[in-house]
Amino acid sequence: MAWPYFLDCDRFFVSDQEGCYDPLASLRARQEVALASISPEEPSTIIQFTYHTNAQMISILKKTAAKCSHISRTYSIGRSVEGKDLLVIEFSDNPGQHDLLEPEIKYIANMHGNEVLGRQLLIYLAQYLCSEYLLGNERIQTLINTTRIHLLPSMNPDGYELAAAEVEDSNDPENQEGPVYNGWTSGRANAQNIDLNRNFPDLTSIAYSRRRNKRYRSDHIPIPDSYWFGKVAPETYAVMKWIRSIPFVQSASLHGGELVVSYPYDFSKHPHEEKMFSPTPDEQVFKQLARTYADAHATMADNNTDRCGASFAGKGGIINGAQWYSFAGGMSDFNYLHTNCFEITVELGCDKFPAEEELYTEWKRNKESLLSFMESVHRGIKGIVKDEDGNGIKGAVISVRGIRHDITTGEDGDYWRLLNSGVHILTATAPGYSKVMKKVYLPPQMQKAGRVDFMLKKAVREPEDDHFLPTDTYERFDPYNQFERYSLSELGENGEERQEKPWWWAYFSQSGNSAPTWLLRSY
(Lines give C-alpha, C1' and ligand atoms only; values in the text may rest on other atoms or scores of the structure.)
Protein backbone atom coordinates (compact mmCIF):
# COMPACT_ATOMS: atom_id res chain seq x y z
CA MET A 1 0.00 0.00 0.00
CA ALA A 2 1.46 3.35 -1.04
CA TRP A 3 1.87 6.06 1.58
CA PRO A 4 -1.04 8.55 1.26
CA TYR A 5 0.24 11.47 -0.84
CA PHE A 6 -1.29 14.11 1.44
CA LEU A 7 0.57 13.04 4.60
CA ASP A 8 3.69 14.89 5.68
CA CYS A 9 5.70 11.74 5.11
CA ASP A 10 9.17 13.07 5.90
CA ARG A 11 8.10 13.54 9.52
CA PHE A 12 6.86 9.99 10.01
CA PHE A 13 8.60 6.65 10.51
CA VAL A 14 8.11 5.44 6.97
CA SER A 15 10.55 3.67 4.69
CA ASP A 16 11.24 4.18 1.01
CA GLN A 17 9.76 0.75 0.34
CA GLU A 18 6.38 2.00 1.53
CA GLY A 19 6.26 4.42 -1.37
CA CYS A 20 6.11 7.78 0.39
CA TYR A 21 5.14 10.30 -2.32
CA ASP A 22 5.80 14.00 -2.10
CA PRO A 23 3.69 15.88 -4.71
CA LEU A 24 6.14 18.82 -4.70
CA ALA A 25 9.29 16.70 -5.13
CA SER A 26 9.56 17.35 -8.86
CA LEU A 27 9.13 21.10 -8.41
CA ARG A 28 11.77 21.14 -5.67
CA ALA A 29 14.20 19.14 -7.80
CA ARG A 30 13.92 21.52 -10.77
CA GLN A 31 14.43 24.52 -8.52
CA GLU A 32 17.49 23.00 -6.85
CA VAL A 33 19.07 22.28 -10.23
CA ALA A 34 18.40 25.86 -11.34
CA LEU A 35 19.88 27.33 -8.17
CA ALA A 36 22.91 25.03 -8.31
CA SER A 37 23.72 26.28 -11.81
CA ILE A 38 24.37 29.78 -10.50
CA SER A 39 28.01 30.48 -9.82
CA PRO A 40 28.79 32.56 -6.70
CA GLU A 41 30.96 34.79 -8.86
CA GLU A 42 28.11 35.75 -11.17
CA PRO A 43 26.43 39.18 -10.76
CA SER A 44 24.01 39.34 -7.86
CA THR A 45 21.25 40.77 -10.06
CA ILE A 46 20.48 37.32 -11.47
CA ILE A 47 16.98 36.19 -10.48
CA GLN A 48 15.69 32.72 -11.20
CA PHE A 49 12.19 33.21 -12.60
CA THR A 50 10.80 29.90 -11.39
CA TYR A 51 8.20 28.89 -8.84
CA HIS A 52 9.31 28.36 -5.27
CA THR A 53 8.01 25.95 -2.68
CA ASN A 54 7.30 27.30 0.79
CA ALA A 55 10.64 26.04 2.06
CA GLN A 56 12.51 27.58 -0.88
CA MET A 57 10.69 30.88 -0.42
CA ILE A 58 11.70 31.02 3.26
CA SER A 59 15.29 30.15 2.34
CA ILE A 60 15.54 32.81 -0.37
CA LEU A 61 14.07 35.52 1.85
CA LYS A 62 16.47 34.69 4.69
CA LYS A 63 19.47 34.53 2.34
CA THR A 64 18.48 37.85 0.81
CA ALA A 65 18.21 39.47 4.24
CA ALA A 66 21.60 38.05 5.22
CA LYS A 67 23.18 39.33 2.04
CA CYS A 68 21.84 42.84 2.71
CA SER A 69 21.85 42.67 6.50
CA HIS A 70 22.57 46.41 6.83
CA ILE A 71 19.28 47.27 5.11
CA SER A 72 17.14 44.15 5.55
CA ARG A 73 15.83 41.57 7.99
CA THR A 74 13.17 38.88 8.10
CA TYR A 75 10.60 38.40 10.84
CA SER A 76 7.55 36.22 11.36
CA ILE A 77 4.14 37.69 12.14
CA GLY A 78 2.61 34.32 13.03
CA ARG A 79 1.85 30.88 11.64
CA SER A 80 -0.66 29.34 9.31
CA VAL A 81 -3.14 26.67 10.34
CA GLU A 82 -0.59 23.99 9.44
CA GLY A 83 2.20 25.75 11.29
CA LYS A 84 4.01 27.44 8.41
CA ASP A 85 5.71 30.75 9.12
CA LEU A 86 4.11 33.92 7.76
CA LEU A 87 7.49 35.44 6.99
CA VAL A 88 8.01 39.12 6.18
CA ILE A 89 11.15 40.64 4.71
CA GLU A 90 11.78 44.28 5.56
CA PHE A 91 13.94 46.88 3.81
CA SER A 92 15.04 50.08 5.54
CA ASP A 93 18.21 52.01 6.31
CA ASN A 94 17.48 51.11 9.93
CA PRO A 95 15.84 47.65 9.80
CA GLY A 96 13.79 46.70 12.81
CA GLN A 97 13.16 50.29 13.92
CA HIS A 98 10.61 52.95 13.07
CA ASP A 99 12.40 56.17 12.11
CA LEU A 100 10.72 59.47 12.86
CA LEU A 101 8.85 60.80 9.79
CA GLU A 102 9.80 57.79 7.66
CA PRO A 103 6.64 56.29 6.10
CA GLU A 104 5.95 52.56 6.27
CA ILE A 105 4.47 50.61 3.37
CA LYS A 106 3.55 46.96 2.88
CA TYR A 107 2.80 44.50 0.11
CA ILE A 108 0.78 41.35 0.87
CA ALA A 109 0.42 38.53 -1.66
CA ASN A 110 -0.98 35.00 -1.95
CA MET A 111 -3.90 35.76 0.38
CA HIS A 112 -5.77 33.30 -1.79
CA GLY A 113 -3.42 30.33 -2.04
CA ASN A 114 -4.17 29.63 -5.71
CA GLU A 115 -3.40 33.22 -6.79
CA VAL A 116 0.33 32.83 -7.02
CA LEU A 117 1.78 35.51 -9.29
CA GLY A 118 1.91 38.15 -6.55
CA ARG A 119 3.79 35.72 -4.31
CA GLN A 120 6.46 35.26 -6.96
CA LEU A 121 6.66 38.98 -7.74
CA LEU A 122 7.39 39.80 -4.11
CA ILE A 123 10.11 37.14 -3.93
CA TYR A 124 11.69 38.68 -7.03
CA LEU A 125 11.17 42.21 -5.68
CA ALA A 126 13.04 41.35 -2.48
CA GLN A 127 16.01 40.03 -4.46
CA TYR A 128 15.90 43.02 -6.79
CA LEU A 129 15.87 45.62 -4.00
CA CYS A 130 18.82 43.95 -2.28
CA SER A 131 20.99 43.53 -5.38
CA GLU A 132 20.23 46.93 -6.88
CA TYR A 133 20.99 48.67 -3.58
CA LEU A 134 24.37 46.93 -3.44
CA LEU A 135 25.08 47.82 -7.07
CA GLY A 136 24.50 51.53 -6.37
CA ASN A 137 21.14 52.05 -8.09
CA GLU A 138 20.32 55.58 -6.88
CA ARG A 139 16.58 55.16 -7.26
CA ILE A 140 16.54 52.03 -5.10
CA GLN A 141 18.94 53.50 -2.56
CA THR A 142 16.79 56.61 -2.20
CA LEU A 143 13.65 54.51 -1.84
CA ILE A 144 15.09 52.27 0.88
CA ASN A 145 16.84 55.12 2.71
CA THR A 146 13.62 57.12 2.99
CA THR A 147 10.99 54.38 3.32
CA ARG A 148 10.43 51.33 5.53
CA ILE A 149 9.21 48.55 3.24
CA HIS A 150 7.56 45.30 4.38
CA LEU A 151 6.90 42.38 1.99
CA LEU A 152 4.69 39.41 2.96
CA PRO A 153 4.93 37.11 -0.10
CA SER A 154 2.52 34.47 1.21
CA MET A 155 -0.35 35.06 3.62
CA ASN A 156 -1.77 31.62 2.81
CA PRO A 157 1.12 29.14 2.40
CA ASP A 158 -1.17 26.17 3.17
CA GLY A 159 -3.47 27.02 0.28
CA TYR A 160 -0.51 27.55 -2.04
CA GLU A 161 0.83 24.09 -1.26
CA LEU A 162 -2.51 22.53 -2.20
CA ALA A 163 -2.72 24.50 -5.45
CA ALA A 164 0.90 23.74 -6.38
CA ALA A 165 0.40 20.03 -5.73
CA GLU A 166 -2.60 19.93 -8.07
CA VAL A 167 -0.70 21.79 -10.78
CA GLU A 168 2.16 19.32 -10.45
CA ASP A 169 -0.28 16.43 -10.72
CA SER A 170 -2.03 17.88 -13.78
CA ASN A 171 1.34 18.28 -15.54
CA ASP A 172 2.37 14.68 -14.87
CA PRO A 173 2.90 12.96 -18.26
CA GLU A 174 1.55 9.71 -16.76
CA ASN A 175 -1.74 11.42 -15.93
CA GLN A 176 -4.11 9.99 -18.53
CA GLU A 177 -7.03 12.17 -17.49
CA GLY A 178 -5.40 15.43 -18.55
CA PRO A 179 -5.27 18.63 -16.47
CA VAL A 180 -7.39 18.35 -13.36
CA TYR A 181 -6.48 21.59 -11.60
CA ASN A 182 -9.39 23.92 -10.95
CA GLY A 183 -7.50 27.20 -10.68
CA TRP A 184 -10.51 29.16 -9.48
CA THR A 185 -11.11 27.17 -6.31
CA SER A 186 -8.39 24.70 -5.37
CA GLY A 187 -6.22 26.22 -2.65
CA ARG A 188 -8.10 29.51 -2.52
CA ALA A 189 -9.09 29.16 1.15
CA ASN A 190 -6.81 28.36 4.06
CA ALA A 191 -6.54 24.91 5.65
CA GLN A 192 -9.72 25.59 7.66
CA ASN A 193 -11.56 26.30 4.38
CA ILE A 194 -11.86 29.99 5.33
CA ASP A 195 -11.64 32.65 2.63
CA LEU A 196 -9.18 35.05 4.28
CA ASN A 197 -10.48 38.04 2.34
CA ARG A 198 -13.91 37.56 3.90
CA ASN A 199 -12.61 36.88 7.41
CA PHE A 200 -11.76 40.39 8.66
CA PRO A 201 -14.16 42.36 10.89
CA ASP A 202 -16.95 43.99 8.90
CA LEU A 203 -16.34 47.59 9.91
CA THR A 204 -17.83 48.93 6.68
CA SER A 205 -21.37 48.17 7.84
CA ILE A 206 -20.65 50.04 11.07
CA ALA A 207 -19.36 53.04 9.11
CA TYR A 208 -22.50 53.06 6.93
CA SER A 209 -24.79 52.88 9.96
CA ARG A 210 -23.14 55.92 11.49
CA ARG A 211 -22.71 58.10 8.44
CA ARG A 212 -25.73 60.31 9.21
CA ASN A 213 -24.50 61.10 12.72
CA LYS A 214 -23.02 64.54 13.27
CA ARG A 215 -19.90 63.15 14.90
CA TYR A 216 -19.59 60.26 12.45
CA ARG A 217 -16.13 58.69 12.16
CA SER A 218 -14.81 56.54 9.33
CA ASP A 219 -11.49 55.85 11.00
CA HIS A 220 -10.14 53.80 13.89
CA ILE A 221 -13.43 51.98 14.33
CA PRO A 222 -12.95 49.42 17.12
CA ILE A 223 -13.37 45.72 16.41
CA PRO A 224 -16.78 44.71 17.84
CA ASP A 225 -16.63 42.05 20.55
CA SER A 226 -19.11 39.95 18.58
CA TYR A 227 -16.45 39.37 15.91
CA TRP A 228 -14.42 37.24 18.29
CA PHE A 229 -17.29 34.76 18.72
CA GLY A 230 -16.98 33.77 15.07
CA LYS A 231 -14.31 31.78 13.28
CA VAL A 232 -11.07 33.78 13.06
CA ALA A 233 -8.30 32.22 10.98
CA PRO A 234 -4.77 32.31 12.45
CA GLU A 235 -3.58 34.03 9.27
CA THR A 236 -6.20 36.76 9.69
CA TYR A 237 -5.36 37.12 13.37
CA ALA A 238 -1.65 37.49 12.60
CA VAL A 239 -2.17 40.13 9.93
CA MET A 240 -4.53 42.16 12.14
CA LYS A 241 -1.97 42.19 14.97
CA TRP A 242 0.71 43.19 12.47
CA ILE A 243 -1.37 46.03 11.02
CA ARG A 244 -2.10 47.36 14.51
CA SER A 245 1.54 47.21 15.63
CA ILE A 246 3.18 49.20 12.82
CA PRO A 247 2.08 52.67 11.59
CA PHE A 248 1.54 51.67 7.97
CA VAL A 249 0.64 54.51 5.63
CA GLN A 250 0.01 52.66 2.37
CA SER A 251 -0.48 49.09 1.21
CA ALA A 252 -1.37 46.86 -1.71
CA SER A 253 -2.76 43.34 -1.69
CA LEU A 254 -1.79 41.30 -4.77
CA HIS A 255 -4.40 38.92 -6.22
CA GLY A 256 -5.21 37.19 -9.51
CA GLY A 257 -8.18 36.44 -11.75
CA GLU A 258 -8.51 39.80 -13.54
CA LEU A 259 -6.31 42.70 -14.63
CA VAL A 260 -7.45 45.75 -12.67
CA VAL A 261 -6.80 47.75 -9.51
CA SER A 262 -9.74 48.10 -7.13
CA TYR A 263 -10.00 50.33 -4.09
CA PRO A 264 -12.35 50.71 -1.07
CA TYR A 265 -15.03 50.41 -0.23
CA ASP A 266 -15.37 46.78 -1.24
CA PHE A 267 -18.72 46.40 0.51
CA SER A 268 -21.74 48.09 -1.07
CA LYS A 269 -23.44 50.90 0.82
CA HIS A 270 -26.73 49.19 0.00
CA PRO A 271 -26.70 45.56 1.18
CA HIS A 272 -28.98 44.38 -1.62
CA GLU A 273 -26.96 45.96 -4.41
CA GLU A 274 -24.09 43.78 -5.64
CA LYS A 275 -22.61 46.42 -7.96
CA MET A 276 -22.99 49.89 -6.46
CA PHE A 277 -20.43 52.69 -6.46
CA SER A 278 -19.52 53.03 -2.77
CA PRO A 279 -16.77 55.62 -2.26
CA THR A 280 -14.84 56.36 0.89
CA PRO A 281 -14.35 59.95 2.08
CA ASP A 282 -10.90 59.64 0.43
CA GLU A 283 -12.23 58.67 -2.99
CA GLN A 284 -9.86 60.99 -4.87
CA VAL A 285 -6.80 59.83 -2.95
CA PHE A 286 -7.66 56.17 -3.57
CA LYS A 287 -8.21 56.82 -7.28
CA GLN A 288 -4.78 58.42 -7.48
CA LEU A 289 -3.17 55.46 -5.69
CA ALA A 290 -4.90 53.02 -8.05
CA ARG A 291 -3.83 55.03 -11.09
CA THR A 292 -0.25 55.05 -9.86
CA TYR A 293 -0.08 51.27 -10.17
CA ALA A 294 -2.27 50.89 -13.26
CA ASP A 295 -0.62 53.64 -15.31
CA ALA A 296 2.86 52.24 -14.70
CA HIS A 297 1.79 48.73 -15.70
CA ALA A 298 2.58 47.57 -19.22
CA THR A 299 -1.03 46.86 -20.25
CA MET A 300 -3.44 47.48 -17.36
CA ALA A 301 -4.45 51.02 -18.33
CA ASP A 302 -4.39 50.83 -22.15
CA ASN A 303 -7.50 51.04 -24.33
CA ASN A 304 -7.08 47.65 -26.00
CA THR A 305 -10.37 45.79 -25.64
CA ASP A 306 -8.98 42.45 -26.85
CA ARG A 307 -7.05 41.49 -23.73
CA CYS A 308 -7.37 40.33 -20.15
CA GLY A 309 -9.06 43.11 -18.16
CA ALA A 310 -10.70 44.58 -21.26
CA SER A 311 -13.94 45.29 -19.40
CA PHE A 312 -12.06 47.90 -17.33
CA ALA A 313 -10.27 49.54 -20.26
CA GLY A 314 -12.75 52.41 -20.33
CA LYS A 315 -12.00 53.15 -16.68
CA GLY A 316 -8.24 53.20 -17.09
CA GLY A 317 -7.80 49.84 -15.40
CA ILE A 318 -9.17 50.92 -12.01
CA ILE A 319 -12.54 50.55 -10.30
CA ASN A 320 -14.26 51.06 -6.97
CA GLY A 321 -14.40 47.62 -5.33
CA ALA A 322 -18.12 47.58 -4.52
CA GLN A 323 -18.93 48.80 -8.02
CA TRP A 324 -17.15 45.73 -9.37
CA TYR A 325 -18.69 43.27 -6.89
CA SER A 326 -19.60 43.65 -3.23
CA PHE A 327 -18.35 41.60 -0.30
CA ALA A 328 -17.96 42.13 3.44
CA GLY A 329 -15.02 41.28 5.69
CA GLY A 330 -12.32 42.36 3.25
CA MET A 331 -8.79 43.32 4.25
CA SER A 332 -8.65 46.65 2.38
CA ASP A 333 -11.76 48.05 4.07
CA PHE A 334 -10.38 46.90 7.43
CA ASN A 335 -7.09 48.72 6.87
CA TYR A 336 -8.85 51.97 6.05
CA LEU A 337 -11.49 51.87 8.79
CA HIS A 338 -9.35 50.52 11.63
CA THR A 339 -5.94 52.15 11.05
CA ASN A 340 -4.21 54.99 9.21
CA CYS A 341 -3.37 52.69 6.28
CA PHE A 342 -4.76 53.12 2.74
CA GLU A 343 -4.81 49.77 0.91
CA ILE A 344 -5.67 48.95 -2.69
CA THR A 345 -6.21 45.54 -4.31
CA VAL A 346 -4.20 44.68 -7.42
CA GLU A 347 -5.53 41.94 -9.69
CA LEU A 348 -2.44 40.88 -11.66
CA GLY A 349 -3.94 38.83 -14.49
CA CYS A 350 -6.63 36.43 -15.62
CA ASP A 351 -4.49 33.32 -15.09
CA LYS A 352 -4.29 32.67 -11.37
CA PHE A 353 -1.46 30.14 -11.73
CA PRO A 354 0.41 31.15 -14.91
CA ALA A 355 2.93 28.89 -16.60
CA GLU A 356 6.48 29.18 -15.32
CA GLU A 357 7.71 30.58 -18.62
CA GLU A 358 5.37 33.57 -18.12
CA LEU A 359 6.96 34.66 -14.84
CA TYR A 360 9.74 36.76 -16.35
CA THR A 361 7.29 38.55 -18.66
CA GLU A 362 4.99 39.29 -15.73
CA TRP A 363 7.92 40.64 -13.70
CA LYS A 364 8.75 43.06 -16.53
CA ARG A 365 5.10 44.14 -16.76
CA ASN A 366 4.80 44.82 -13.03
CA LYS A 367 8.25 45.95 -11.88
CA GLU A 368 7.76 49.64 -12.58
CA SER A 369 4.30 49.58 -10.98
CA LEU A 370 5.67 47.97 -7.83
CA LEU A 371 8.40 50.60 -7.54
CA SER A 372 6.21 53.58 -8.44
CA PHE A 373 3.56 52.58 -5.91
CA MET A 374 6.16 52.41 -3.13
CA GLU A 375 7.50 55.82 -4.11
CA SER A 376 4.00 57.29 -4.06
CA VAL A 377 3.85 56.95 -0.27
CA HIS A 378 5.83 60.20 -0.24
CA ARG A 379 2.74 62.16 -1.24
CA GLY A 380 0.62 64.55 0.77
CA ILE A 381 1.85 65.87 4.10
CA LYS A 382 3.81 64.67 7.10
CA GLY A 383 4.88 66.24 10.36
CA ILE A 384 5.15 66.05 14.11
CA VAL A 385 2.63 67.15 16.71
CA LYS A 386 4.43 68.41 19.83
CA ASP A 387 3.56 70.04 23.14
CA GLU A 388 5.11 73.28 24.40
CA ASP A 389 8.11 71.38 25.78
CA GLY A 390 8.89 69.84 22.42
CA ASN A 391 7.64 66.36 23.29
CA GLY A 392 5.73 64.40 20.68
CA ILE A 393 2.04 63.80 21.41
CA LYS A 394 0.87 60.26 20.75
CA GLY A 395 -2.69 59.80 19.50
CA ALA A 396 -3.27 63.38 18.34
CA VAL A 397 -5.89 63.62 15.59
CA ILE A 398 -5.14 65.22 12.21
CA SER A 399 -8.30 66.29 10.35
CA VAL A 400 -8.71 67.64 6.82
CA ARG A 401 -11.69 69.90 6.16
CA GLY A 402 -14.12 68.28 3.76
CA ILE A 403 -12.80 64.74 4.33
CA ARG A 404 -14.53 62.87 7.15
CA HIS A 405 -11.64 60.56 7.82
CA ASP A 406 -8.93 61.44 10.32
CA ILE A 407 -5.53 59.94 11.02
CA THR A 408 -3.68 59.77 14.32
CA THR A 409 -0.07 60.37 15.38
CA GLY A 410 2.33 57.60 16.31
CA GLU A 411 4.36 56.92 19.44
CA ASP A 412 6.62 59.96 18.98
CA GLY A 413 3.96 62.29 17.59
CA ASP A 414 4.76 61.86 13.90
CA TYR A 415 2.08 61.43 11.23
CA TRP A 416 1.55 61.02 7.48
CA ARG A 417 -1.56 62.08 5.61
CA LEU A 418 -1.96 61.04 1.96
CA LEU A 419 -3.48 63.94 0.02
CA ASN A 420 -3.75 65.05 -3.58
CA SER A 421 -2.64 68.48 -4.77
CA GLY A 422 -4.66 71.55 -3.85
CA VAL A 423 -5.49 73.75 -0.86
CA HIS A 424 -6.26 71.95 2.39
CA ILE A 425 -7.35 73.14 5.85
CA LEU A 426 -5.72 70.97 8.52
CA THR A 427 -6.62 70.71 12.20
CA ALA A 428 -4.57 69.06 14.94
CA THR A 429 -6.29 68.17 18.23
CA ALA A 430 -5.47 66.09 21.28
CA PRO A 431 -7.16 65.54 24.67
CA GLY A 432 -6.15 68.30 27.08
CA TYR A 433 -4.71 70.56 24.38
CA SER A 434 -5.95 73.48 22.33
CA LYS A 435 -6.93 73.05 18.72
CA VAL A 436 -4.57 74.33 16.00
CA MET A 437 -5.55 74.92 12.36
CA LYS A 438 -3.30 75.50 9.35
CA LYS A 439 -3.90 76.15 5.67
CA VAL A 440 -1.55 74.43 3.24
CA TYR A 441 -1.11 74.34 -0.52
CA LEU A 442 0.19 71.20 -2.23
CA PRO A 443 1.30 71.99 -5.80
CA PRO A 444 0.72 69.52 -8.66
CA GLN A 445 3.55 67.09 -9.44
CA MET A 446 4.92 67.43 -5.94
CA GLN A 447 7.72 64.89 -5.57
CA LYS A 448 7.77 64.58 -1.79
CA ALA A 449 5.44 65.08 1.15
CA GLY A 450 5.08 68.58 2.54
CA ARG A 451 6.20 69.12 6.13
CA VAL A 452 3.50 70.52 8.42
CA ASP A 453 4.26 70.49 12.16
CA PHE A 454 1.92 71.46 15.00
CA MET A 455 2.61 72.76 18.49
CA LEU A 456 -0.34 72.32 20.85
CA LYS A 457 -0.79 74.24 24.10
CA LYS A 458 -2.29 72.81 27.25
CA ALA A 459 -5.93 73.79 27.65
CA VAL A 460 -9.12 72.62 29.32
CA ARG A 461 -11.63 71.48 26.71
CA GLU A 462 -15.30 70.91 27.12
CA PRO A 463 -16.24 67.21 26.88
CA GLU A 464 -18.75 67.85 24.12
CA ASP A 465 -15.98 69.34 21.98
CA ASP A 466 -13.96 66.17 22.07
CA HIS A 467 -14.26 63.61 19.31
CA PHE A 468 -11.22 61.57 20.08
CA LEU A 469 -10.65 57.90 19.69
CA PRO A 470 -12.04 55.91 22.67
CA THR A 471 -8.71 54.20 23.38
CA ASP A 472 -10.12 51.77 25.94
CA THR A 473 -12.42 50.31 23.27
CA TYR A 474 -9.95 50.50 20.39
CA GLU A 475 -7.28 48.64 22.33
CA ARG A 476 -9.62 45.68 22.94
CA PHE A 477 -8.12 43.01 20.71
CA ASP A 478 -9.11 39.39 21.29
CA PRO A 479 -10.65 40.49 24.61
CA TYR A 480 -11.49 36.94 25.71
CA ASN A 481 -8.07 35.52 24.74
CA GLN A 482 -9.77 32.98 22.52
CA PHE A 483 -7.09 33.16 19.85
CA GLU A 484 -4.00 33.99 21.89
CA ARG A 485 -2.73 30.46 21.17
CA TYR A 486 -2.05 31.64 17.61
CA SER A 487 0.72 33.85 19.02
CA LEU A 488 2.32 31.20 21.22
CA SER A 489 5.42 29.42 19.96
CA GLU A 490 5.28 25.67 20.29
CA LEU A 491 8.59 24.20 21.48
CA GLY A 492 10.17 20.80 21.19
CA GLU A 493 11.44 18.80 24.14
CA ASN A 494 14.84 20.51 23.97
CA GLY A 495 13.30 23.97 23.97
CA GLU A 496 13.89 24.63 20.28
CA GLU A 497 11.05 26.08 18.23
CA ARG A 498 9.61 23.71 15.66
CA GLN A 499 9.69 25.14 12.18
CA GLU A 500 6.54 23.56 10.79
CA LYS A 501 3.66 21.33 11.80
CA PRO A 502 2.14 18.56 9.66
CA TRP A 503 -1.26 18.97 8.07
CA TRP A 504 -3.20 17.27 10.89
CA TRP A 505 -1.81 19.42 13.73
CA ALA A 506 -4.57 22.04 13.54
CA TYR A 507 -7.23 19.43 14.34
CA PHE A 508 -5.77 18.77 17.77
CA SER A 509 -4.89 22.39 18.59
CA GLN A 510 -8.43 23.58 17.77
CA SER A 511 -10.31 20.74 19.44
CA GLY A 512 -8.51 21.13 22.74
CA ASN A 513 -7.14 17.57 22.64
CA SER A 514 -3.50 16.91 23.31
CA ALA A 515 -1.49 16.49 20.13
CA PRO A 516 0.24 13.13 19.62
CA THR A 517 3.79 14.47 19.61
CA TRP A 518 5.16 10.93 19.54
CA LEU A 519 4.24 10.78 15.84
CA LEU A 520 6.69 13.54 15.05
CA ARG A 521 10.24 12.45 14.35
CA SER A 522 12.09 15.45 15.71
CA TYR A 523 9.73 16.63 18.43
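**Notebook: salt bridges, disulfides and a helix pair**

I began with Glu104, which forms a salt bridge with Arg148, the closest N and O atoms being 3.0 Å apart. I then looked up where the two partners sit: Glu104 is in strand E3 (residues 104–109) and Arg148 is in strand E4, so this pair ties together parts that are 44 residues apart in sequence. Are they buried or exposed? Glu104 is buried, and Arg148 is buried too. A reminder to myself before going on: this is a predicted model.

**Entry: who else holds on to Arg148?**

I checked Glu90 next, and Glu90 also forms a salt bridge with Arg148. Here the closest N and O atoms are 2.9 Å apart. Glu90 belongs to strand E2 (residues 85–91) and Arg148 to strand E4 (residues 148–152), so the pair ties together parts that are 58 residues apart in sequence. Glu90 and Arg148 are both buried.

Which residues are linked in a network with Arg148? I noted down Arg73, Glu90 and Glu104, which together with Arg148 are linked in a network of salt bridges.

How many salt bridges does a search of the whole structure find? I wrote down 20.

**Entry: a salt bridge with a partly exposed partner**

I picked out Asp302, which forms a salt bridge with Arg307. Their closest N and O atoms are 2.6 Å apart. I wanted to know how accessible each partner is. Asp302 has a relative accessible area of 29%, so I put it down as partly exposed. Arg307 is at 17%, and it counts as buried because the cut-off for buried is under 20%.

**Entry: the disulfides**

How many disulfides are there? The count comes to 2, and I went through each pair.

Cys68 and Cys130 make one of them, with their sulfur atoms 1.9 Å apart. I found Cys68 in the loop between helix H2 (54–67) and strand E1 (72–79), and Cys130 in helix H3 (residues 117–134), so the pair ties together parts that are 62 residues apart in sequence. The angle about the S-S bond is 85 degrees, and the link of Cys68 and Cys130 is right-handed. Cys68 is buried, at a relative accessible area of 0%, and Cys130 is buried at 1%.

Cys308 and Cys350 make another disulfide, with their sulfur atoms 2.1 Å apart. Where do these two sit? Cys308 is in the loop between helix H8 (283–296) and strand E7 (318–320). Cys350 is in the loop between strand E8 (342–349) and helix H11 (359–375). The two are 42 residues apart, and the pair links distant parts of the chain. The torsion about the S-S bond is about 95 degrees, so I noted this disulfide as right-handed.

Are Cys308 and Cys350 buried or partly exposed? Cys308 is partly exposed, with a relative accessible area of 26%. Cys350 is partly exposed as well, with 34%.

While I was on cysteines I also looked up Cys341, which is buried at a relative accessible area of 0%.

**Entry: helix H6 against helix H10**

Two packed helices are described by the angle between their axes and the distance between the axes, so I went for those values. Helix H6 (residues 203–210) and helix H10 (residues 331–338) pack at an angle of about 50 degrees. Their axes are 9 Å apart.

Which residues make the contact? On the H6 side I listed Leu203, Thr204 and Ala207. On the H10 side I listed Asp333, Phe334, Leu337 and His338. By type, the residues of this contact divide into 4 nonpolar, 2 polar and 1 charged.

I stayed with H10 to see how covered it is. Of its 8 residues, 8 are buried, so H10 is largely enclosed by the rest of the structure.

**Entry: the whole chain**

Last, I stepped back. The chain has 13 helices and 16 strands. It has 523 residues, and 55% of them count as buried. I also looked at contacts between residues at least 6 apart in sequence: 75% of these join residues at least 24 apart.

Key
Residues are numbered from 1 along each chain as its sequence is written. This is a predicted model: local features need pLDDT of at least 70, side-chain atom pairs count only at pLDDT 80 or more; totals for chains, interfaces and linings use all residues. Side-chain values use heavy atoms; hydrogens and water are left out. A disulfide is a pair of cysteine sulfur atoms within 2.5 Å. Helices (H or I, at least four residues) and strands (E, at least two) are DSSP runs, numbered from the N terminus. Buried means under 20% relative accessible area, exposed over 50%, partly exposed in between (1.4 Å probe, protein chains only). Axes are lines fitted to C-alpha atoms, for helices over the stretch in contact, and angles run from 0 to 180 degrees between N-to-C directions. Contact means heavy atoms within 4.5 Å. Ala, Val, Leu, Ile, Met, Phe, Trp, Tyr, Cys and Pro count as nonpolar, Asp, Glu, Lys and Arg as charged, and the others, Gly among them, as polar. A salt bridge is a side-chain nitrogen of Lys or Arg within 4 Å of a carboxyl oxygen of Asp or Glu.
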